Amino acid sequence: MARQLYELAGSDPARLFSPYCWRTRMALAHKGLDFATVPWRFAQKDSIRTLGSEKVPVLIDGETRVNDSWAIAEYLEDTYPDKPSLFGGEGGRGMARLLNNWSDVSVGQIAPFIIADIHDQLDAGDKDYFRRTREKNMGRPLEEVVAGREQRLDSLHKWLHPLRMTLRTQPFIGGAKPNYADYIVFGPFQWARVTSPFELLKPDDLIHAWRGRMLDLFDGMARKAPVVAA
């Protein structure tokens, strides 16, 4: 069986926008492993229950099925030790686990800036579900959540300052070259980039430059993803 990756898609099946799926896409590219994308939408939960999950990413690798981006990263590292390492050893794996948890929180920091725009990019069958569940979690309409976002950017920039400090002395979170730590943190930025015209980063921000380097990796795989015109 060919290697397959189930990924969350918008109304355009090429608009693959889950931050967690992007972690896995980048990890597979880092390992040099070919895969085929299976576009998946929120309304298709039944289609992956037989794979042991209700969320993506789900990776099918021959007879093996793995869900959850962190579990997939560990699987790829352990199954393909002859390929470039995602972690650079057990110490790197441990530190990446910390960043994995931090980035899960950062998704919540970025969501209030783009949540209404994500809704606009969804397949018609997903929109009601997305609005109902996200508005329940946030306690107000999506449009109210994003209102005044320009005035709130400074708080996000302060939240991201530890990342900025790291990039003062090295081009990637992984050091001279990117590793899975970079892919973890990149996921939410790519999520925002492909779903919203709202720019989170200033052009002179070191994080903006790092994001550009990430977009250029693997023959520009992430840069080629469709974006929303401003």
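Axes here are lines fitted to C-alpha atoms, for helices over the stretch in contact, and angles run from 0 to 180 degrees between N-to-C directions. Helices (H or I, at least four residues) and strands (E, at least two) are DSSP runs, numbered from the N terminus. The model is predicted, so a few ground rules on what counts: local features need pLDDT of at least 70, side-chain atom pairs count only at pLDDT 80 or more, and totals for chains, interfaces and linings use all residues. Residues are numbered from 1 along each chain as its sequence is written, and side-chain values use heavy atoms, with hydrogens and water left out.

I start with helix packing. Two packed helices are described by the angle between their axes and the distance between the axes. For H1 and H4, the axes come within 11 Å and cross at roughly 140°. H1 and H4 are therefore oblique to each other; angles under 35 degrees count as roughly parallel, over 145 as roughly antiparallel, 65 to 115 as roughly perpendicular and the rest as oblique. On the H1 side the contact (heavy atoms within 4.5 Å) uses Pro19, Tyr20 and Arg23, and on the H4 side Asn100, Ser103, Asp104 and Val107.

H1 also packs on H10, residues 206–220. Those two axes come within 11 Å and cross at roughly 50°, which makes H1 oblique to H10. The crossing of H1 and H10 is left-handed, meaning that the near helix is turned anticlockwise from the far one by less than a right angle; clockwise would be right-handed. Met26, Ala29 and His30 of H1 meet Met214, Leu217 and Phe218 of H10.

Staying in H10, aspartate 219 lies in that helix. Its phi is positive, about 60°, although aspartate 219 is not a glycine. At 65% relative accessibility, aspartate 219 counts as exposed. The scale is relative accessible area: buried is under 20%, exposed over 50%, partly exposed in between, with a 1.4 Å probe and protein chains only.

Back to H1, and threonine 24, which is found in that helix. Threonine 24 is buried, with a relative accessible area of 1%. Leaving aside neighbours within four places in sequence, threonine 24 is in contact with Leu5, Pro57, Ser69 and Ile72. Threonine 24 and glutamine 44 are 20 residues apart in sequence and 20 Å apart in space, C-alpha to C-alpha.

A cis peptide bond joins valine 56 and proline 57, with omega about 10°.

Next, helix H3. How many of the 11 residues of H3 are buried? Eight are, so H3, residues 69–79, is largely enclosed by the rest of the structure. The buried ones are Ser69, Trp70, Ile72, Ala73, Glu74, Tyr75, Leu76 and Glu77. What covers them includes helix H1 (19–31), strand S3 (58–61), strand S4 (64–67), helix H4 (90–120) and helix H9 (180–195).

Aspartate 68 lies in the loop between S4 and H3. Aspartate 68 caps the N-terminal end of H3, with a side-chain oxygen 3.1 Å from the backbone nitrogen of tryptophan 70. Aspartate 68 is partly exposed, at 41% relative accessible area. Its phi is near 85°, a positive value in a residue other than glycine.

Arginine 3 lies in the segment before strand S1 (4–8), and at 17% relative accessibility arginine 3 counts as buried. A polar contact of 3.1 Å joins the side chains of arginine 3 and aspartate 61. A polar contact is a pair of N or O atoms within 3.5 Å; within protein, one must be able to donate a hydrogen and the other to accept it, and residues adjacent in sequence count only if both atoms are side-chain atoms. Beyond four places in sequence, the contacts of arginine 3 include Leu28, Phe35, Ile60 and Tyr80.

Proline 178 is found in the loop between helix H8 (161–167) and H9. At 15% relative accessibility, proline 178 counts as buried. Proline 178 and histidine 30 are 148 residues apart along the chain, while their C-alpha atoms are separated by 8.9 Å. Beyond four places in sequence, proline 178 is in contact with His30, Phe172, Tyr183, Met214 and Leu217.

Last, the record. UniProt, in an unreviewed entry, lists residues 8–84 as "domain: GST N-terminal". Over residues 8–84 the chain is 38% helix and 18% strand, and the end C-alpha atoms are 26 Å apart. UniProt positions are given in the numbering used here, feature names are shortened, and annotations may be inferred rather than shown by experiment.
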